[in-house]
Amino acid sequence: MATVTLKGNPCNLKGTMPKVGSVAPGFKLTKSDLSSVDLAAIGAKKKVVVTVPSLDTPVCQTETRRFNEKAAGLGNVEVLIVSADLPFARRRFCETEGIKSVTAASDVRDRGFGERYGVQIAEGPLQGVMARAVFVLGKDDKVVYSELVPEIAHEPNYDQALAALKS
């Protein structure tokens with residue numbers, strides 16, 4: 001069981017993060033328009049799966065904006081920003097911010113996503129939402145990079161994730 005902190009206070013996580021070289025766990029998430037997006041249907045594209053606690057927090061908003069900016073020039077890559085937020089809240093944020101280069105997805109229907117990816121917060125005030133993490137998957141859905149951000153209030157290492165994507 002991994003642990004992260006929220007403003008210095010430890011939070012245990014459920015599940016085990018997929019290791020680099022392993023095939024990523026499948027998922028079926030809900031997009032802002034209530035349609036589904038699943039790993040298998042994305043097909044032979046590279047993928048960046050970003051988990052965030054909630055798009056109603058400043059750090060998650062900044063992270064989504066940054067990945068949106070970076071994703072615009074990536075070509076044949078699918079970037080998913082995944083949280084427990086309801087699709088309606090995700091749509092409102094993305095429309096207001098002009099987010100068009102990433103797919104906002106919710107685990108509102110696939111409640112096991114966070115545990116399968118080892119990022120579900122197990123206890124405390126954020127119990128049930130996801131810790132901040134980034135997974136880069138190859139076209140074959142194998143994990144080529146993963147980062148669990150140790151402090152929830154911090155941003156991930158964008159440069160390392162993008163470098164892994166390009167390699």
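Is Glu78 buried or exposed? Glu78 is buried, with a relative accessible area of 16%. Buried here means under 20% relative accessible area, exposed means over 50%, and partly exposed covers the range in between (1.4 Å probe, protein chains only).

The model is predicted, so local features need pLDDT of at least 70, side-chain atom pairs count only at pLDDT 80 or more, and totals for chains, interfaces and linings use all residues. Residues are numbered from 1 along each chain as its sequence is written, and side-chain values use heavy atoms, with hydrogens and water left out.

Salt bridges were searched for across the whole structure, and 7 were found. The criterion is a side-chain nitrogen of Lys or Arg within 4 Å of a carboxyl oxygen of Asp or Glu. Glu78 takes part in one of them, with Lys45 as its partner. The N to O distance is 3.5 Å. Lys45 lies in the loop between α1 (39-42) and β5 (46-51), while Glu78 belongs to strand β6 (residues 77-83). The pair therefore ties together parts that are 33 residues apart in sequence. Helices (H or I, at least four residues) and strands (E, at least two) are DSSP runs, numbered from the N terminus. Lys45 is partly exposed, at 26% relative accessibility.

A second salt bridge joins Glu63 and Arg132. Their closest N and O atoms are 2.5 Å apart. This pair links distant parts of the chain, 69 residues apart. Glu63 sits in helix α2 (residues 58-71). Arg132 sits in the loop between β8 (120-121) and β9 (133-137). Both residues, Glu63 and Arg132, are buried.

Asp85 and Arg90 also form a salt bridge through their side chains, at 3.7 Å from N to O. Asp85 is buried, with a relative accessibility of 11%. Arg90 is buried as well, at 0%.

Backbone torsions were examined next. Most residues other than glycine have a negative phi. Lys7 has a positive phi of about 55 degrees, although it is not a glycine. Lys7 lies in the loop between β1 (3-6) and β2 (9-14). The residue Lys7 is exposed, with a relative accessible area of 70%. Leu34 also has a positive phi, near 75 degrees, and is a residue other than glycine. Its place is the loop between β3 (28-31) and β4 (36-38). Leu34 is partly exposed, at a relative accessible area of 38%.
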